[in-house]
Structure formats: C-alpha cells, structure tokens
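Below is a short note for a colleague opening this structure for the first time. The points are numbered so that each can be checked in turn.

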Amino acid sequence: MPLYQPLNEPQMTAYFQQLFPDRPKARLETVKRSYPGMSRETWWVTLAWDADGEKGREKFVVRLDPPGGCMSDSPLRDESEVYRLLHGTAVPVPRLVVHEDRPQWLLEGREFTIREWIDGEIEPACLRETGDEAEAAKIGIVKEQMDKLAALHALDWDSMGFGQLLPIPSDPENCGKDDVVRHLEMLDRHAQEPLPGLREIGRWLLDNPPPAPARIVLRKENNGIGEEIWQDGRIVGMCDWEGASLGDPALDLAVAMGTTAKYWDEDAALAYYNSVAPHPVTKEAVGWYRRFWGYKGACALHSALRNYNDGRDRRVQLLTLGCLYPVMVQANLSAAAQFGEG
Amino acid sequence: MNPSAQDILRGCVENLEELVAPEISSPHAKSAMMCARMLINHVILRLDQEGAALVEDCREKRRLLATLAEAGEFPPALAAEVRTLAADAEPGHITMTDLTARNDAWKRLFERALAEPLAPAVRTSLRAQLAAQIGREAAYCVPALDGPMF
C-alpha cells in the first residue's frame with residue numbers, strides 16, 4: 001500500500017463535471033492537501049469554470065480515508081452524516097455537498113466526502129498577541145468555544161436522528177463506564193500484544209466513575225483551539241466530527257481545556273460554560289474525563305498499530321503515536337491510580 | 001512491543017524512501033538522508049544478529065586462546081590473563097524475538113489473573129508489579145517524546 005496517494009485529479013475533475021453540469025469546462029485550479037491529516041486525508045480544491053466570458057470559482061473540501069484505511073473504527077459515512085444532521089442548527093458546520101460511495105467514482109477504492117469551504121482561520125490571530133486588549137480577546141475566544149459547546153450540548157440529538165447513528169449510553173449514570181467499556185472492547189478487537197497495564201487502568205477507571213451528568217448529550221470530542229474555523233473571534237465552522245459520540249458533556253470540556261487553559265483558567269471557563277449551558281458540569285467530572293481522554297487516546301493509538309503491522313499503513317507517525325504515547329499514558333495513570341504503592 | 005524494534009526501523013526506511021527522498025533538493029541533505037537510510041538498514045540487521053555473533057565469537061576465541069595458553073604457546077603473563085578471563089563462564093544469549101514471546105506469555109497470564117475476582121491484597125500486589133513493568137517501559141519510551149510531532 002502506498003504511503004502517499006496524490007488526489008486523482010482527472011477522476012476528481014470528471015466527478016465535479018457530472019456534479020455541476022451547469023458549470024462549463026469545470027476544472028481543478030488548485031489542489032492542496034491539509035496538514036497533518038493523520039486519521040483522514042483532507043484536500044482543499046478550487047473548482048474553476050467558464051461563466052459568461054468570465055471565470056467562476058468555488059472552493060471545496062474533499063475528505064477521505066488514507067490509502068491504508070482509517071485509524072479508527074468510525075466509517076467516513078458516519079462523519080458525513082454528522083455534518084448533514086448538524087447543518088442549519090446553532091452549531092455551525094460546513095454544508096455537506098455529497099458523500100460519494102458509488103463504485104465508478106471511488107478514488108483508488110476509497111469513498112469520499114465533499115463539503116463546502118468556509119473562509120477563516122484555524123487559530124485566532126489575537127492568541128498570538130500580547131497586552132491588555134489581547135488578554136481580553138483571548139478570554140472572548142475561550143467564551144466562544146464554551147458557547148458553541150453549550151449549543152452543541154443543548155441539541156435534542158434523539159429527535160435529530162443521532163440515536164440511529166451513534167451508540168447510546170444505557171443511562172446517564174453509566175456514561176463514564178460505557179466510555180471505558182467501549183475502549184476495553186476496542187482492545188479486545190485490535191490489541192497487538194497483551195496489555196495488562198492498560199486493561200487494569202481501565203478497571204480502575206470503571207471502579208472510580210465520574211458523577212453522573214444531568215443528561216446524555218451529543219459530543220464533538222476532538223475540539224478546541226486548532227480544531228474549529230474562526231472569523232473575527234467567532235467560530236464559523238466546527239470541523240472534524242470523526243469522534244462524535246453521545247455521553248457526558250464533561251468530556252468535551254476536558255478536551256477543550258487542553259488548548260484553552262493557557263488563555264483563561266479552567267475554573268473560570270467552567271463557570272462560564274455552566275452559566276450558558278442547559279445543564280451544569282462539575283469540576284470533578286472534567287477531571288475524570290481528562291484522565292479518560294488520555295486513556296482513550298492510548299487505546300485508540302495502540303489499536304491503530306494494526307494497520308502498520310498488517311502492512312496497510314506504514315506511516316511512521318503511527319509508530320510514534322502507537323508505541324510511545326500509550327506507555328506515557330500508562331505511566332501517568334498508573335501513578336494516579338497508585339498502582340506502585342501496594 | 002509489537003511492532004518490534006526492527007520493524008519500526010523498517011517503517012522509518014520506507015518513509016524516508018517514499019516520503020522524504022522525493023522532497024529533498026539539497027545535495028547535502030540528500031547525502032545525509034541516504035547515509036541515514038543505510039545506517040538504519042545496518043542497525044536492523046545488527047539488532048537481529050549481533051548478539052548471537054558476539055556469543056559465537058567469544059566461544060571461538062575462548063576455545064582457541066585457552067588451548068594455545070595451555071599448550072605453552074604464549075608468554076606466562078599473557079597466558080595468565082587468558083586463564084583469568086576464561087575463569088568466568090561466557091554469558092548466554094537469547095534473541096529479542098524469543099524474549100518478547102516469553103514476556104508476552106507472562107503478560108497474557110497477568111491479564112487472565114487480573115480478570116478474576118481477586119482479593120484486594122492480591123490485586124494490589126499485581127498492580128504493584130504492573131507499575132514496575134510500566135516504569136521500565138517508560139524509561140525507554142517517554143524520553144523519546146521530546147518535542148512536537150506535528
């Protein structure tokens with residue numbers, strides 16, 4: 001399997017031509033791959049065409065699995081469906097143009113998604129500035145992140161159809177336990193070696209669950225600075241929904257604070273979230289989910305080594321993530337669990 | 001750990017060849033990359049073979065030098081040094097592949113033991129050993145994470 005597969009431009013051009021038959025001489029003007037794009041490839045393309053003597057242009061985002069398959073178990077179609085279901089809600093997402101899986105259009109056997117392009121920046125410029133005005137702006141950025149998470153957590157996911165797409169925790173009380181069990185089961189399916197330490201840390205998390213949330217919510221999981229599209233201090237597009245799940249909202253806050261805490265302290269950000277969200281989240285739950293996020297990453301990144309070991313995906317980043325990171329997480333969490341103090 | 005050290009290095013070579021080399025235009029960088037690729041291939045072979053080669057070489061040299069020393073072919077001082085070194089038994093050798101398989105067998109039994117409904121003190125003792133194992137692994141994994149990867 002190739003380590004790198006350039007976007008098949010003739011195939012993609014033909015695809016856009018049939019997608020937009022009213023755009024004469026449609027062609028790809030620019031094609032650029034986003035960085036780093038480990039779990040899925042994201043390509044930015046500009047489509048140009050002739051329109052009444054002038055040139056029409058529109059940018060799109062094309063997303064597909066790497067040649068060796070996705071690092072996670074989550075199919076691309078599910079991520080596409082999240083974009084479709086969220087469009088038009090209070091949670092800003094790019095519009096899904098199409099999810100393509102017809103055999104004649106696959107890109108080297110891979111289905112793909114096309115979504116609209118949203119102008120903006122991944123990291124708001126004020127975060128790189130200093131001074132009183134910049135400090136206030138930074139707090140505004142964190143508040144905006146919290147506002148959008150609160151909007152996400154307020155959605156009626158069941159009536160929107162997310163219950164047919166994502167596993168539903170059996171009860172709010174079991175949200176944390178279900179999260180851990182899902183990852184222990186991931187190890188059952190994909191572990192590349194015996195992992196008694198990682199499994200026992202899972203047991204410890206199960207024995208010490210977080211307080212139950214007020215309700216089960218739709219979560220983005222992978223969120224924070226660097227994950228969204230910003231314009232003038234506002235989030236105009238929340239991207240990368242590969243990890244979307246149903247469960248305790250505290251997970252989203254724990255993840256967000258991994259990138260926002262250096263701009264506004266966690267207690268203040270949590271208090272702000274609780275002032276705008278429909279249901280409060282406790283500091284204790286955020287602390288538990290911070291540990292769980294590390295645990296989840298260790299399980300998922302180790303499991304991704306299956307693609308390396310079976311020769312489908314030989315990118316070295318899989319090794320750094322899958323061999324080293326899980327050991328660091330085990331060292332941190334086994335110390336938190338006081339395994340060594342028997 | 002799976003993949004093995006050798007297979008990690010094989011992946012590094014594949015990435016250098018397929019992803020890095022086509023992007024290099026500077027002749028100095030290209031030369032350094034080509035040498036790094038050769039050295040990694042050397043280390044892959046060395047990891048697999050060097051232990052057994054050293055053991056075999058020690059045995060051969062010991063046998064020959066001891067025989068010659070006993071036959072009076074060497075000056076007394078040199079013969080004495082040969083006898084001193086030969087007084088210690090030669091260290092044995094086990095390949096990393098065999099050692100990993102053995103360790104995996106013990107780890108599987110650990111997994112099975114920890115899945116049982118154990119007395120708290122028993123679980124505590126097993127967890128203490130896990131902490132020791134994780135600490136040893138962390139000593140050669142965590143220091144390598146010394147900067148951003150992206």
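Predicted model: local features only at pLDDT ≥ 70, side-chain atom pairs only at ≥ 80, totals over all residues.

**Notes on the two chains**

1. Buried residues account for 40% of the 342 residues of chain A. In chain B, 7% of the 150 residues count as buried.

2. Overall dimensions come next. A compact globule of 342 residues would have a radius of gyration near 20 Å, and the 21 Å of chain A agrees with this. The C-alpha trace of chain A spans about 75 × 50 × 45 Å along its principal axes.

3. The secondary structure of each chain can be stated briefly. Chain A contains 11 helices and nine strands. Chain B contains five helices and zero strands, and its pattern along the sequence is α-α-α-α-α.

4. Contacts may also be sorted by separation in sequence. In chain A, of the contacts with a separation of 6 or more, 70% are between residues 24 or more positions apart. In chain B, 55% of the contacts between residues at least 6 apart join residues at least 24 apart.

5. Chain A has an open sheet of five strands, in the order 1-2-3-5-4, with antiparallel pairing. Strand 1 (27-33) and strand 4 (96-100) of chain A are the edge strands; each has a single partner strand, so one side of each has no neighbour in the sheet. On average, neighbouring strands of this sheet are turned by 25° against each other, direction ignored.

6. The pairings in the sheet can be followed strand by strand. Strand 1 of chain A pairs with strand 2 (residues 41-51) of chain A over six bridges, in the antiparallel sense. K32(A) stands opposite W44(A), which belongs to strand 2 of chain A. Further along, strand 3 and strand 5 of chain A run antiparallel and are joined by five bridges. Strand 4 and strand 5 of chain A also run antiparallel, with four bridges between them.

7. Which residue of strand 5 of chain A does R63(A) stand opposite? The residue is T113(A). H99(A) likewise stands opposite T113(A). Strand 5 of chain A is mostly covered, with four of its five residues buried.

8. Helix 2 (residues 76-86) of chain A lies across strand 3 (54-64), strand 4 and strand 5 (112-116) of chain A. Helix 2 of chain A runs at about 160° to strand 4 of chain A. As for the pairing of strand 1 with strand 2 of chain A, which has six bridges, helix 1 (residues 9-19) of chain A packs on the sheet and touches both of these strands and strand 4 of chain A. The direction of helix 1 of chain A makes about 125° with that of strand 1 of chain A.

9. Elsewhere in chain A, helix 7 (residues 250-260) and helix 8 (residues 266-276) cross at roughly 135°, and their axes come within 11 Å. Helix 7 of chain A is therefore oblique to helix 8 of chain A. Their crossing is right-handed. L253(A), M257(A) and T260(A) of helix 7 of chain A meet E266(A), A269(A), L270(A) and Y273(A) of helix 8 of chain A.

10. Where the chains meet, 33 residues of chain B are in contact with 29 residues of chain A. On the side of chain B that touches chain A, the elements giving two or more residues are helix 1 (5-20), helix 4 and helix 5 (120-141) of chain B. Helix 5 of chain B gives the largest share of that side, 12 residues.

11. One helix pair spans the two chains. Helix 6 (residues 196-207) of chain A packs against helix 4 (residues 96-114) of chain B at an angle of about 15°, and the axes are 9 Å apart. These two helices are therefore roughly parallel to each other. Helix 6 of chain A passes helix 4 of chain B in a left-handed crossing. The contact is made by P196(A), R199(A) and E200(A) from helix 6 of chain A, and by K107(B), F110(B), E111(B) and L114(B) from helix 4 of chain B.

Note on methods:
Residues numbered from 1 in each chain as written. Chains lettered and ligands numbered in written order. Buried ≥ 20, exposed ≤ 12 C-beta atoms within 10 Å, placed from the backbone. Contact = placed C-beta atoms within 7 Å. Pairing = 2+ DSSP bridges. Axes fitted to C-alpha atoms, helices over the stretch in contact; angles between N-to-C directions. Parallel < 35°, antiparallel > 145°, perpendicular 65-115°, else oblique. Left-handed = near helix turned anticlockwise from the far one by under 90°. Rg over C-alpha atoms; globule rule 2.2 N^0.38 Å.
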